[in-house]
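Biologist: I would like to learn how to read a structure like this one. Could we go through it feature by feature?
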Amino acid sequence: MNIVTLLPFIVLIGAMFLMTRSAKNKQRQAAQMRDQMQPGTGVRTIGGMYATVKEVNDDTVLLEVAPGVHAIYAKNAIGAVLEDAEYNRIVHGIEPHESETPVVPDDASSLTEAGAPAEKKIDLGKGEAAEAEKAAEPASEEKGAEAEKAAEPEAKDVKDAKDAGRDGKDGDADAK
């Protein structure tokens, strides 16, 4: 047989090997996570219920699903072992300390100083250069006006040249 004929089968077997290997790794990690359960830790079941571990046996776990309400679950039914801070945030609504999470304002009003006037202009380091430009503006405005007047006839000539190229016809008429 030719190797080209066997190539699809080799690729298929390789893909199956990689998929089963990753599945075995996930199962091993889940088993390690379940072995780390201790009484007092918060867990989430595969059904989405949050509970506290009260007792760990070989194949089962005793969970407190509500104060005074206990249920026995299979170890395989535990979907995740949660950290104390995450469990308290989800179940009891206790947020972590404010010093750990930065407060982000909803609008830009808190970014300005409370006593600073809103219309105050900020000097961005231009200083004397800006004043020198303002002094030179009147002279440059006069030169700018003369340059605009000189440029206007050229613009009209260009427009006339474009109109002459059409020979009075519409662009739509040329397409038909």
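Biologist: Which residues is Val61 in contact with, leaving aside its neighbours within four places in sequence?

Modeller: This is a predicted model. In it, Val61 touches Met37, Val53, Glu55, Ala71, Ile72, Tyr73 and Lys75.

Biologist: Which residues make up the largest nonpolar core?

Modeller: In soluble globular proteins, nonpolar side chains tend to be buried together. Here the largest such core has seven residues: Met37, Val43, Ala51, Val53, Val61, Leu63 and Ile78.

Biologist: What is the order of the strands in the open sheet?

Modeller: The five strands run E4-E3-E2-E1-E5, with antiparallel pairing. Strand E4 (69-74) and strand E5 (78-82) are the edges, each pairing on one side only. On average, neighbouring strands are turned by 40 degrees against each other, direction ignored. Helix H2 (residues 84-92) packs on this sheet and touches E1, E2 and E5.

Biologist: How many salt bridges does a search of the whole structure find?

Modeller: Side chains of opposite charge can pair when their charged atoms come close. The search finds two salt bridges. One joins Lys75 and Asp35, at 3.9 Å from N to O. Lys75 is in the loop between E4 and E5 and Asp35 in helix H1 (residues 3-35), so this pair links parts 40 residues apart in sequence.

Biologist: Is Lys75 buried or exposed?

Modeller: Lys75 counts as buried because its relative accessibility is 15%, under the 20% cut-off. Asp35, at 58%, counts as exposed.

Biologist: Which residue forms a salt bridge with Glu64?

Modeller: Lys54 does, with the closest N and O atoms 3.1 Å apart. Glu64 lies in strand E3 and Lys54 in strand E2, so the pair ties together parts ten residues apart in sequence.

Key: Residues numbered from 1 in each chain as written. Predicted model: local features only at pLDDT ≥ 70, side-chain atom pairs only at ≥ 80, totals over all residues. Heavy atoms only, no water. Core = buried A, V, L, I, M, F, W, Y, C linked by side-chain atoms within 4.5 Å. Buried < 20%, exposed > 50% of the residue type's maximum accessible area, 1.4 Å probe, protein only. Contact = heavy atoms within 4.5 Å. Pairing = 2+ DSSP bridges. Helix = DSSP H or I, 4+ residues; strand = E, 2+ residues; numbered from the N terminus. Axes fitted to C-alpha atoms, helices over the stretch in contact; angles between N-to-C directions. Salt bridge = Lys/Arg side-chain N within 4 Å of Asp/Glu carboxyl O.
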